[in-house]
Amino acid sequence: MILSISGVVLLGIIVFLFFRKDGLKGSHAVVCALFGFYLASTAIAPSIKAGGASLASLLGGIKF
């Protein structure tokens, strides 16, 4: 649960930065959000979730 909340916060910050710096229009952000909600209800959603978890564990395992 913590991973999904932090992922949402991170993606929200990225969208905000795109909105402020790179000219992302509000309508584009709404379309992206709606696409994400619709994608979450498809059969590919578990694969996307597993890929995100795999990427998070990979990034979490990096030692500096």
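Predicted model: local features only at pLDDT ≥ 70, side-chain atom pairs only at ≥ 80, totals over all residues.
Modeller: A residue counts as buried under 20% relative accessible area, as exposed over 50%, and as partly exposed in between (1.4 Å probe, protein chains only). Residues are numbered from 1 along each chain as its sequence is written, and side-chain values use heavy atoms, without hydrogens and water.

Biologist: Is A50 buried, partly exposed or exposed?

Modeller: A50 lies in helix 3, residues 45-60; helices are DSSP runs of H or I with at least four residues, strands are runs of E with at least two, and both are numbered from the N terminus. Because its relative accessible area is 46%, A50 is partly exposed.

Biologist: How far apart in space are A50 and F18?

Modeller: The two residues are 32 apart in sequence. From C-alpha to C-alpha, the distance between A50 and F18 is 26 Å.

Biologist: What is the radius of gyration of the protein?

Modeller: The value is taken over C-alpha atoms, and the globule rule is 2.2 Å times the number of residues to the power 0.38. For 64 residues, a compact globule would come near 11 Å, but the protein has 14 Å.

Biologist: Which residues make the nonpolar surface patch of about 630 Å²?

Modeller: Patch residues have over 30% relative accessible area and no salt bridge, and nonpolar side chains (Val, Leu, Ile, Met, Phe, Trp, Tyr) are joined within 5 Å, like charges within 9 Å. A salt bridge is a side-chain nitrogen of Lys or Arg within 4 Å of a carboxyl oxygen of Asp or Glu. L55, in helix 3, counts as partly exposed because its relative accessibility is 47%. The patch is made by L55, L58, L59, I62 and F64.

Biologist: Which element has the highest mean pLDDT?

Modeller: The protein as a whole has a mean of 79. Helix 1 (residues 2-21) has the lowest mean among the elements, 74. The highest, 85, belongs to helix 3.

Methods
Areas by Shrake-Rupley, 256 points an atom, 1.4 Å probe, with all protein chains shown as cover. pLDDT = per-residue confidence, 0-100.
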